[in-house]
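Hi there,

Here is the structure I promised to send over. Have a look at it first, and then read my notes below.

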Amino acid sequence: MTLDLIAVGDNCLDVYLSKGHMAVGGNALNVAVQWRRLGLAARYLGVVGKDAEGDIILAALGQAGLDPADVERRDGSTAVTLLQEQGGDRRFLLEDLGVGLGYVPEPGRKSLMMAADWVHLGTNTPVSLVQDLVRSGRPFSVDLSTRHDALPLDGVPLAFASGPERADIPVEPILAAFRRRGARRTIMTCGSRGAYLDDGVGVRHVAARVVDPVDTCGAGDSFIASFLAAWLKGRPDDDALLEATAAAAATCLHEAGYPQTLGRIPSWLLEKYADVIASVEVQE
């Protein structure tokens, strides 16, 4: 069975100031790369600026087996995230979405999206793109991350979300809220607490695998890619959840959202965000 899968939306340079290196990431980009790593026919539609940061992302896409020509280049800056990392946990200092904010593919690329077997929309997806896919009847998923109320969910086939890791916070009311708002199926990942799937009839739970994390960046993206890869091939929900959990745990064992050569942070990038870096250092 050959699946035509397209991930649409966010990409960024993840700049680890505490370690002096950077990686290419972003939910939609990571999902597309993980699909390719699983041997699936995947494409990534996104946008970068006409800058050096965009050059880096396009080069990384080519190395990962995706076609850089599927990515648009627009006037403006490429998305950059500044992070500090310690013990596998990340602290976000800045998320500059640049030209990726509210990205909608241009008509030619949008027609590719509308012909795919499955479309995954990354974080910060605009409302209009969700509504277009619902109206078209095209099967798709969207990652809400922690922004649970950011998008209308009526008619959304599958919503992914990040939920509470604390065991004393019940997940059922959160899942019920997604269901009331129209999501047909919801999967909520809750870190070490595991993941929950609400199919509109009942709630399934899969425990997280216990690992000593190197970096949790991209674990949720690997979960999404692996779950969809298994589920769209007809695997039962429980099996797909187990495969997704294993993929997320494996991602925690290396730096960045997928295995890649990490680049040193260039001086011009540090200079570009010097004011932000200086303000953080003062606060600490």
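What follows is a short tour of what I found.

A word on the ground rules: this is a predicted model, in which local features need pLDDT of at least 70 and side-chain atom pairs count only at pLDDT 80 or more, while totals for chains, interfaces and linings use all residues. Residues are numbered from 1 along each chain as its sequence is written, and side-chain values use heavy atoms, with hydrogens and water left out.

**The cores**

The largest nonpolar core has 52 residues, and Trp35, Phe227 and Leu228 touch the most other members. By a nonpolar core I mean a set of buried Ala, Val, Leu, Ile, Met, Phe, Trp, Tyr and Cys residues joined through side-chain atoms within 4.5 Å. Buried stands for under 20% relative accessible area, exposed for over 50%, and partly exposed for what is in between (1.4 Å probe, protein chains only). Helix α6 (residues 219–232) supplies the largest share of this core, 9 residues. Helices (H or I, at least four residues) and strands (E, at least two) are DSSP runs, numbered from the N terminus. There is also a second, separate core of 28 residues, and Ile6, Tyr103, Phe178 and Ala183 are among them. As background, nonpolar side chains tend to be buried together in soluble globular proteins.

Leu228 is in contact (heavy atoms within 4.5 Å) with Trp35, Trp118, His120, Ser141, Leu158 and Phe160, leaving aside its neighbours within four places in sequence.

**Helix α4**

In α4 (residues 127–136), the buried residues are Leu129, Val130, Asp132 and Leu133. Seen down the helix axis, they fall within an arc of 160°, so they line one face of α4; the arc is that of the directions from the helix axis to the C-beta atoms. Which elements cover these residues? The cover includes β1 (4–8), α3 (107–113), β8 (118–121) and β9 (140–143).

Both sides of this helix may interest you if you check backbone angles. In the loop between β8 and α4 sits Asn124, whose phi is near 65°, a positive value in a residue other than glycine. Asn124 counts as partly exposed, at 27% relative accessibility. Just after α4, Gly137 takes a positive phi of about 80°.

**The second largest pocket**

This pocket has a volume of about 200 Å³. For the method: on a 1 Å grid over the protein atoms alone, a pocket is an open set of points with protein on both sides within 12 Å along at least five of seven lines, whereas a cavity is a set of points where a 1.4 Å probe fits but cannot get out; lining residues have an atom within 4 Å of a point. Grid points are joined across faces, edges and corners, and the volume is the space filled by probe spheres set on the points.

Of the 15 lining residues, Val24, Ala60, Gln63, Gln260 and Thr261 are the closest to the centre of the pocket. The elements that give two or more residues to the lining are β3 (21–25) and α2 (52–63), and α2 gives the most, with 4 residues. By class, the lining has 11 nonpolar, 4 polar and no charged residues. Here Ala, Val, Leu, Ile, Met, Phe, Trp, Tyr, Cys and Pro count as nonpolar, Asp, Glu, Lys and Arg as charged, and the others, Gly among them, as polar.

**Around Gln260 and Ala23**

Gln260 is placed in the loop between α7 and β14 and counts as partly exposed, at 22% relative accessibility. Not counting residues up to four places away in sequence, Gln260 touches Ala23 and Val24.

Ala23 is found in strand β3 and is buried, with a relative accessible area of 2%. Beyond four places in sequence, the contacts of Ala23 are Cys12, Leu13, Asp14, Tyr16, Ala256, Gln260 and Leu262.

Ala256 lies in the loop between α7 (237–251) and β14 (263–264). Is Ala256 buried or exposed? Ala256 counts as buried, at 1% relative accessibility, and has a positive phi near 80° in a residue other than glycine.

**Thr245**

Thr245 lies in helix α7 and counts as buried, at 8% relative accessibility. Leaving aside neighbours within four places in sequence, Thr245 is in contact with Val206, Ala207, Ala208, Arg209 and Phe223.

Best wishes
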